[in-house]
Amino acid sequence: MASILESAWQYLITHFSDFQLACLGSFFLHESVFFLSGLPFIYLERLGYLSKYKIQTKNNTPAAQNKCITRLLLYHFGVNLPVMIFSYPVFRYMGMQSSLPLPSWKVILTQILFYFILEDFVFYWGHRILHTKWLYKHVHSIHHEYATPFGLTSEYAHPAEILFLGFATILGPAITGPHLFTLWLWMVVRVLETVEAHCGYHFPFSLSNFIPLYGGANFHDYHHRVLYTKSGNYSSTFVYMDWIFGTDKGYRKLQALKRYEAEASNNQTSREKSTTTTLTLSALSRAKANFVSSIDASKQALSELSPPAPIPAPVSGDTGGDGGACAFRHIRATPHAVSLDTTSHSPSLARIKHSSSGLRSHVVTSGSEITYGFK
Ligand SMILES: [Zn+2]
Ligand SMILES: [Zn+2]
């Protein structure tokens with residue numbers, strides 16, 4: 001394996017200059033990995049394949065997806081490529097080389113682990129600052145245009161943000177002056193990681209099921225679908241920074257509610273059903289109070305943002321930002337069914353009681369509509 005890699009590397013350094021490999025080679029590698037890993041999620045969404053693993057039920061329109069691709073090509077050629085060219089002397093100055101032999105796997109993996117930890121730390125604080133009022137309104141709201149993210153939206157951002165957060169990605173390599181091979185490997189795994197975080201799907205084989213402290217798609221998808229003042233989950237890769245600084249409370253509450261819902265659902269299936277249905281009004285009142293306070297907070301946050309320019313509306317059709325006049329748009333109850341339609345921005349729990357079978361619980365998030373039917 002090592003000899004195959006070294007032979008391939010020998011071919012590259014024989015036929016191309018250092019500058020060509022570090023700039024044009026890096027750009028070509030980045031574009032290949034980014035689009036090859038991100039495009040399949042566009043077609044999964046368009047064709048509806050594997051929809052049971054999709055995190056949100058809403059889909060982006062083909063026009064919204066195409067807009068993302070067009071902008072990405074513009075930014076990649078207009079921002080990313082010039083950055084790679086102009087940062088080349090810096091990397092050379094910091095000790096980057098491309099000659100043989102290649103570094104050992106121990107050195108490569110240690111450096112890449114260090115880059116991940118450093119990038120996550122810098123990204124967390126940079127991202128958190130981008131969620132302050134002025135920067136969100138003028139810079140970061142571009143990235144949040146897609147409230148239902150898909151893989152390619154991972155790099156859809158304002159050019160200033162590309163520079164700002166790109167700094168987090170290249171800081172580690174700039175400090176350590178790695179071999180170009182290590183730099184390429186870091187770029188590949190970092191692109192795959194951020195595409196996966198935005199892919200919109202959580203599969204049984206997703207890395208977050210197996211790697212402790214790894215965030216993954218569920219973690220970052222929550223950040224996109226909740227109003228920006230309440231989103232939290234600012235880290236790029238791991239979950240511990242948000243846990244340490246208490247910016248994942250909404251997400252952890254949602255996860256706890258989902259677990260509770262799953263347990264309640266399992267219990268429900270083992271009980272006998274009756275012919276009458278009762279809403280537990282006290283529980284619904286509490287949920288409604290939560291929704292109303294959430295809406296008030298959302299309205300407050302939105303009103304503080306104006307004037308001058310409005311935040312771009314989510315192009316996916318998500319309701320995160322509408323701030324309705326009441327939390328429940330509709331509550332419909334019959335002897336055989338209960339239906340709720342909410343505009344809440346914050347996950348809450350609605351409980352519906354069956355007269356002889358105990359509580360059924362359901363997590364209610366932004367714009368969700370739920371209906372329970374009974375025999
Ligand atoms: Zn954000
Ligand atoms: Zn994102």
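**N233 and its loop.** I started at N233, which is buried because 23 other C-beta atoms lie within 10 Å. My cut-offs: a residue is buried with 20 or more other C-beta atoms within 10 Å of its own, exposed with 12 or fewer, and partly exposed in between; C-beta atoms are placed from the backbone. N233 sits in the loop between helix 8 and helix 9 (240-244). I took helices (H or I, at least four residues) and strands (E, at least two) as DSSP runs, numbered from the N terminus. Phi of N233 is near 50 degrees, a positive value in a residue other than glycine.

**Ground rules.** I am working on a predicted model, where local features need pLDDT of at least 70, side-chain atom pairs count only at pLDDT 80 or more, and totals for chains, interfaces and linings use all residues. Residues are numbered from 1 along each chain as its sequence is written, while chains are lettered from A and ligands numbered from 1 in the order in which they are written.

**Confidence.** I checked pLDDT, the predictor's confidence in each residue, from 0 to 100. The chain averages 80, and 71% of the residues score at least 70. Two stretches stay under 50. One is residues 305-328, for which the model has 59 contacts beyond four places in sequence. The other is residues 371-375, with 14 such contacts. For a contact I required C-beta atoms, placed from the backbone, within 7 Å.

**Whole chain.** I listed eleven helices and six strands. Of the 375 residues, 33% are buried. Among contacts between residues at least 6 apart in sequence, 73% join residues at least 24 apart.

**Cores.** I looked for nonpolar cores, meaning sets of buried Ala, Val, Leu, Ile, Met, Phe, Trp, Tyr and Cys residues joined through C-beta atoms within 7 Å. The largest has 18 residues, and F123, Y124, L165, F219, Y222 and Y251 have the most contacts inside it. Helix 4, helix 6, helix 8 and helix 10 (249-269) each give two or more residues to this core. Apart from it lies another core, of 16 residues, among them F41, C68, Y146 and V195. Back to Y251: leaving aside neighbours within four places in sequence, Y251 contacts F219, Y222, G232 and N233.

**Helix 2.** I counted 30 residues in helix 2, reaching 43 Å from first C-alpha to last, close to the 44 Å expected at 1.5 Å a residue. The expected span is 1.5 Å times one less than the number of residues. A kink of about 30 degrees is centred on G25. I define the bend at a residue as the angle between axes fitted to the seven residues ending there and the seven starting there. Buried residues of helix 2 include H30, F41 and E45. Just after helix 2, G48 takes a positive phi of about 75 degrees.

**Helix 3.** Helix 3 (residues 62-93) has 32 residues and reaches 45 Å, close to the expected 46 Å. I found a kink of about 40 degrees at S87, shortly before the proline P89. Q65, C68, L72, N80 and F91 are buried. Their cover includes helix 2 (18-47) and helix 6 (159-176). Just after helix 3, G95 has a positive phi of about 110 degrees.

**Helix 7.** Helix 7 (residues 180-198) has 19 residues and reaches 27 Å, close to the 27 Å expected. Among its buried residues I noted W186, R190, E196 and H198. The cover includes helix 2, helix 4 (105-130), helix 6 and helix 8 (216-225). Next comes L213, in the loop between helix 7 and helix 8. L213 has a positive phi of about 75 degrees although it is not a glycine. I class L213 as partly exposed because it has 13 other C-beta atoms within 10 Å.

**UniProt check.** The unreviewed UniProt entry lists "transmembrane region" for residues 19-44, 72-91, 103-125 and 162-187. Positions use the numbering here, feature names are shortened, and annotations may be inferred rather than shown by experiment. Residues 72-91 are 100% helix and 0% strand, with end C-alpha atoms 25 Å apart. Residues 162-187 are 88% helix and 0% strand, with end C-alpha atoms 15 Å apart.

P101 is in the loop between helix 3 and helix 4. The C-alpha atoms of L100 and S7 are separated by 9.7 Å, though the residues are 93 apart along the chain. S7 lies in helix 1 (residues 2-15).
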